[in-house]
Amino acid sequence: MKLFKWNKAASAASLFILSLSLVACQNQEVAQMPVQPEPTPAPVQEEQTVEESNTSLYTAPLTGLPVDEAITRRPLAVMINNAPAARPQSGLSSADIILEVLAEGGITRFIAIFQSEGGAETVGPVRSIRPYLIEIGESYDGVLVHAGGSPEAYSILQRQQKQHMDEISNGGPYFWRSSDRKAPHNLYTSADKLREGADIKGYSHDFKSPVYIYNEEGATSTGEAVKQFDIHYLLDSYRVTYDYDEVSGRYMRMVNGKADQDLDNGTQLGAANIIVAGADHKVLDSVGRLSVNLEQGGEAMLFQKGKMIRGQWVKKQGDIIRFVQGGSEVALVPGKTFISIVPNQPEFSSHVKLAVQQ
């Protein structure tokens, strides 16, 4: 009986010692574990507005606008139909420069210069070429694009071996006819197809044209405020109105009181610079074909940033049409430029009507 009590007491003592040993071991493990600091809440960050940089290493040669990469390809100079049946046209919103000049019968024609924009988008309707249209297109080093031409124009193209693409004589598969309009107002192409054709024909690629001077202010410090003006050629169906848009900094184009829009994308045509130049026109034949003197220069107006500047236009041999004041070239505002060439007869001023400023 005493032996049992001793054994029981010994067992209790052993359990007590084991318990103390376990507690000691646990305390030792806890002491060896690294102390983890309590996580602190992440600081609340205020939203920051990140401004996109408009700076670029490159600018488009014919607009002065920033672009992602250097543009060295030759422009395309496309003759665009502007008869009422050809409106609205396609692709004009992608042109860098548009020149509007009279053809026979009082109608006008566009020479649309494509370089920094234009790809698979439809361009047209494409129309015929004249000698002075050749001169204008080549002044921008453009591959001439047309559908037919006057006998004199064809003679120049063939005799001087001009680099051109003609739907009638050498156009190949780079033009197509639309079924929703009647000929000759239904011929179309695209910049991509034209460049493909120019490559196959072995036409040169390098851009060699002179360019304009651009700066953000242009010449507006000497101008007078003109927010709206009309250009009248010869026929009432060709009355063009430009209305200045303060937000975009462009003069937006209207024809006969309606917004002049690109047929394919609905964009209203507009430009940062509008030049109106007066030139001598002469009727050559019973058809009414014209010659336009692009060498003598003359009176001109420049519209930019809601202001009008009076001056002159000049065009030296092989050069582009430039606006000058006091013998010095005037800078253009970066953006697209439209040039309207109107007759000197009747007098130049009769073709431009300035809206009365309120």
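**Close-up views of a predicted model**

**View 1. Arg87 over a tyrosine ring.** The charged end of R87 sits over the ring of Y238, 4.7 Å from its centre. A charge counts as over a ring if NZ of Lys or CZ of Arg is within 6 Å of the ring centre and within 35 degrees of the ring normal. This is a predicted model, in which local features need pLDDT of at least 70, side-chain atom pairs count only at pLDDT 80 or more, and totals for chains, interfaces and linings use all residues. Residues are numbered from 1 along each chain as its sequence is written, and side-chain values use heavy atoms, with hydrogens and water left out.

**View 2. Confidence along the chain.** The average pLDDT of the protein is 86, on the predictor's per-residue confidence scale from 0 to 100. A score of at least 70 is reached by 84% of the residues. Residues 1-53 fall below 50. Beyond near neighbours in sequence, that stretch has zero contacts in the model (contact: heavy atoms within 4.5 Å). Where pLDDT is low, the predicted coordinates should not be read in detail.

**View 3. An aromatic cluster.** F229, Y242, Y244, Y251, F303 and F338 form one aromatic cluster. The structure holds seven aromatic pairs. Rings of Phe, Tyr and Trp (its six-membered ring) pair if their centres lie within 6.5 Å; planes under 30 degrees apart are stacked, over 60 edge-to-face, and the rest tilted. Y244 and Y251 make a tilted pair, because their ring centres are 5.0 Å apart and their planes meet at 50 degrees. Y251 and F303 are edge-to-face, with centres 6.1 Å apart and planes at 80 degrees. Y251 lies in strand 14 (residues 250-255) and F303 in strand 20 (residues 298-304), so this pair ties together parts 52 residues apart in sequence. Strands (E, at least two residues) are DSSP runs, numbered from the N terminus. Y251 is buried at 0% relative accessible area, F303 is buried at 0%, and Y244 is buried at 13%. Buried means under 20% relative accessible area, exposed over 50%, partly exposed in between (1.4 Å probe, protein chains only).

**View 4. Strand 24 between two partners.** Seven of the seven residues of strand 24 (residues 337-343) are buried. T337, I339, I341 and P343 point one way; F338, S340 and V342 point the other. In a regular strand the side chains alternate between the two faces of the sheet. Strand 4 (residues 97-102) pairs with strand 24 in the parallel sense over five bridges. Strand 17 (residues 273-279) also pairs with strand 24 in the parallel sense, over seven bridges. Pairing requires at least two DSSP bridges between the strands. S340 is the bridge partner of E100 and of V276.

View 5. R253 and E100 meet through their side chains in a salt bridge (3.1 Å, N to O). The pair links strand 14 to strand 4, 153 residues apart. R253 is buried at 3% relative accessible area, and E100 is buried at 3%. E100, R253 and D260 are linked in a network of salt bridges. A salt bridge is a side-chain nitrogen of Lys or Arg within 4 Å of a carboxyl oxygen of Asp or Glu.

**View 6. Further salt bridges.** The structure holds 14 salt bridges. One of them joins R177 and E167 (3.5 Å, N to O). R177 is partly exposed at 43% relative accessibility, and E167 is partly exposed at 25%. R239 forms a salt bridge with D230, their closest N and O atoms being 3.9 Å apart. R239 is partly exposed at 32%, whereas D230 is buried at 19%.

Conventions
Helices (H or I, at least four residues) and strands (E, at least two) are DSSP runs, numbered from the N terminus.
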